[in-house]
Amino acid sequence: MKIPINRKITSLFAAGIIIFATFAGSTFLVIKAHQEALHKSNIISKKVNLTGDLQFQVNKLLLPVNRYLITGDGNERDNFDGIIGEMSMIFTEIKTLSGDERWQAVAVKVEKDVINFGEKVVDILYIDKPVGNKKAQELMAGLTLLSEALVKEVDGFHAIAEDEIKKMGEDVDRDTRRSNIYALIILGALIFFAVLLYYYLRRFVTAPLRQLHEGAGIIAKGDLGHRLNINTGDELEELAGAFNDMASSLGEARTELDRRIFELYTLYNISKVLSTTFETEELLKEIVKKVSSDFSIEDVLVMLVDDKTQELFVASSAGCLSEDVCEYMGGRKYKVGEGLYGWAAMSGKARLIRDVHTEK
């Protein structure tokens with residue numbers, strides 16, 4: 001079964017589409033994975049920044065209280081309220097960030113402890129004459145312990161962020177390895193497809209077309225015996241077959257033309273003989289000699305009809321089959337209509353005889 005060349009090209013095109021679709025799908029997955037990793041990286045970076053800001057604000061919580069106990073300045077209450085306001089905004093952003101259960105649990109715990117811490121700070125900040133006040137100092141000692149605990153709790157955010165960074169790094173390494181594998185697979189597929197396409201074009205398109213071109217040039221130079229051997233199983237093979245048929249037809253036509261030209265040339269030579277002599281006997285000798293030499297015929301016999309007796313006799317010969325036959329034919333006469341020679345003289349038609357020894 002011959003497969004049309006357009007079907008082969010369609011198959012290669014379909015294979016290319018499949019490889020391209022695979023490449024596009026893999027690229028999309030890789031890009032999507034990198035986008036997700038970038039998004040996670042941005043979230044983690046924001047978490048680190050927020051927890052850093054929160055830790056900074058926690059470390060500042062005791063400053064207004066300490067200054068109040070030293071100076072008794074009531075403005076420190078406003079300073080503390082400002083710190084609490086900053087922390088409130090930070091907590092609002094922390095709650096909006098996605099995180100695991102640990103992250104949410106730490107956020108709730110820290111916020112609760114900050115509220116508790118703030119209540120105790122208020123108790124100190126609203127003590128009249130705080131400088132040297134023993135009660136204030138006792139409350140401050142307990143507040144210091146709460147501050148240290150609160151700092152440790154805020155450090156829990158950093159621990160969670162570090163775990164997420166580590167996990168993100170592992171995910172990135174895994175995605176990178178997967179991307180490299182995808183890239184190698186796609187590269188291998190593209191190389192295979194390119195090699196397959198090169199082989200196909202060379203085997204089924206370029207080489208046959210080159211043979212057709214070279215064959216046309218060879219025949220144009222006169223070598224009509226040249227034949228193409230193209231086995232592609234498609235239209236190019238059919239074209240090569242038609243090309244060979246054309247060359248064969250041209251060869252047969254040229255052979256026939258050469259034969260006719262040779263016959264005309266022989267007749268021309270005979271006509272020249274006719275113009276050189278009017279002696280019948282000499283003329284017939286020259287004719288049989290020319291026919292024998294020009295047509296490579298070993299045995300030539302010319303018989304004439306005796307109008308009086310209506311008999312055929314040998315007027316001239318060349319080769320004459322054999323000496324016995326020649327001697328026999330030299331004295332033999334045929335009636336018109338008798339035997340092969342008599343029949344030819346009567347009918348005026350040519351007849352091909354395979355063996356004149358068996359038919360007389």
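The expected span of a helix is 1.5 Å times one less than its number of residues. Helices here are DSSP runs of H or I with at least four residues, strands are runs of E with at least two, and both are numbered from the N terminus.

The model is predicted: local features need pLDDT of at least 70, side-chain atom pairs count only at pLDDT 80 or more, and totals for chains, interfaces and linings use all residues. Residues are numbered from 1 along each chain as its sequence is written, and side-chain values use heavy atoms, leaving out hydrogens and water.

Select helix H4, residues 101–125. Its 25 residues should span 36 Å, and the end C-alpha atoms are 36 Å apart, which agrees. Buried residues (under 20% relative accessible area; exposed is over 50%, partly exposed in between; 1.4 Å probe, protein chains only) of H4 include Trp103, Val106, Val110 and Asp113.

Next, select Glu153 in helix H5, residues 134–220. Is Glu153 buried or exposed? With a relative accessible area of 18%, Glu153 is buried. Leaving aside residues up to four places away in sequence, Glu153 touches (heavy atoms within 4.5 Å) Val106, Lys109, Val110 and Asp113.

Stay in H5 and pick Leu187. Leu187 is partly exposed, at 46% relative accessibility.

Finally, select strands E1 (residues 300–306) and E2 (residues 311–318), which run antiparallel and are joined by seven bridges. Strands pair if DSSP finds at least two bridges between them. Leu304 has Phe313 in E2 as its bridge partner. Four residues lie between the strands of this hairpin, and Gln310 in the turn has a positive phi of about 55°.
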